[in-house]
Number of protein chains: 2
Amino acid sequence: MSQLKTYAERAALHKNPSAKRLFELMERKQSNLSASVDVTTKAELLRITEAIGPYIVVLKTHIDILSDFDADTAVQLTRLADKHDFLIFEDRKFADIGNTVKLQYSSGVHKIASWAHITNAHIVPGEGIVKGLAEVGVPLQRCLLLLAEMSSKGSLATGEYTLEALRIARRNKDFCVGFIGQRRLEGLIPNETGEEEDFIYMTPGVQLGSKGDGLGQQYRTPREVVLECGCDVIIVGRGIYGSGDLVENAKVYQKAGWDAYLERVGRK
Amino acid sequence: MSQLKTYAERAALHKNPSAKRLFELMERKQSNLSASVDVTTKAELLRITEAIGPYIVVLKTHIDILSDFDADTAVQLTRLADKHDFLIFEDRKFADIGNTVKLQYSSGVHKIASWAHITNAHIVPGEGIVKGLAEVGVPLQRCLLLLAEMSSKGSLATGEYTLEALRIARRNKDFCVGFIGQRRLEGLIPNETGEEEDFIYMTPGVQLGSKGDGLGQQYRTPREVVLECGCDVIIVGRGIYGSGDLVENAKVYQKAGWDAYLERVGRK
């Protein structure tokens, strides 16, 4: 039951260096907050990131919506990640065959693998997608999250599909450190390897006081996600940059996520 | 049984202007060949496209693997599409929630909706992905293919997932004109609307004389895909640009695909 351990304990036990690094970071910053900053200009992305950097452990980007992305954007994001001590998660949702995702991850204008510590992938093409991405990511000490479940209405990432994500992750622990999901999955099917396992769960669709967006997004609160469902990192988007004061919003979500975590591990 | 009709007959009957346009084009060029050109520089993409343009009806791109993509790349691709009479299909495999894919489709460095006549999407996030893309694509007279099946090993786009793609397509015919798939789907579940339906099937993983690529891709021949499985457009990648003479390869696949079609509709 890794969710009952503290992040520090999990950092100490984890064999994957990327997972270890994230748990250490969470403990150090007392935060389990990831901000999803879906803006369309470089200046806006950097301005928001500079403001909220002290409160987050993961900056989640959609780099392909930035109309003026250039090589310097990646340089500046990396500088901010170093300055404020967070990791960058490019939410690319890779979804093609192995040979194609290798190129999409390493090449193109965005060269995602060169700056994103974390990325993610759908498993619908089969396990080849993980193998393809790993060929690029493992030598760079990057890590991958699999989309096991989605927060949107009518999501087909359910049932057997979700279980298959768990099986694929178990077979690819050198690269795959966890899931985008709504709850912990380990208990759903026996772990036949017998090895200790501790996947990281990052959960999108987190917001206080909103139920949806009219295009199928469905929200839950930090307490539901962390305390009730055992997830590790809350991903908050429009709750931070949608309205009100950025820094105040980030602080509210950092505290809400951390309090739920402390309650979960019995430290509160 | 729309696959027993000629492309000209299907063009005449179809209500969606994008589908009509593609069927007319196929008849005019006597081709059902789509080339998938997965190269990483603008010069290489334009050189290959210029060479094979006369033989294809659809150029399939992965624009995000071009390291030197710029606004002029889209201008040049559009010029070649006009010159050689083909449509551009950006194989983006959108796979996020509606609000995000709207931005990915319309914005960013690539501005896909501004130049790609056709794009595609996974349905795993639920129907909101189609609604989000349609808000951008319908006003521009673009069209969408849903990924109903994949050609890669261990694909999870099977069974109920594939049927759900058919249901979603039936509910979104103003934008969704067909599928990426391995066979026709209409017969699998009754069409409760009672309306005539004629979806376009485009099939990747087509190659003469190869079985796979070592990263999970599995190949079939044009004859298997068009004659036996009733698909409409064969997507050929490494079979054209992998080795040998580009133009000769394109001619071979154009003839193989067209012959299989003629046999299917009883014209041969």
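Okay, let's start in chain B: strand E1 (residues 33-36) and strand E2 (residues 58-61) pair in the parallel sense, over three bridges. By "pair" I mean DSSP finds at least two bridges between the strands, and strands themselves are DSSP runs of E of at least two residues, helices runs of H or I of at least four, numbered from the N terminus. One of those bridges joins Ala35(B) to Leu59(B) in E2(B).

Quick housekeeping: this is a predicted model, where local features need pLDDT of at least 70, side-chain atom pairs count only at pLDDT 80 or more, and totals for chains, interfaces and linings use all residues. Side-chain values use heavy atoms, with hydrogens and water left out, residues are numbered from 1 along each chain as its sequence is written, and chains are lettered from A and ligands numbered from 1 in the order in which they are written.

Zooming out, E1 and E2 belong to a closed barrel of eight strands in chain B, E1-E2-E3-E4-E5-E6-E7-E8, with parallel pairing. From one strand to the next, the twist averages 25°, with axes fitted as lines to C-alpha atoms, for helices over the stretch in contact, and angles taken from 0 to 180 degrees between N-to-C directions.

Last, helix H7 of chain A, residues 159-171: its buried residues are covered by, among others, H6 of chain A and H7 of chain B.

Methods. Contact = heavy atoms within 4.5 Å.
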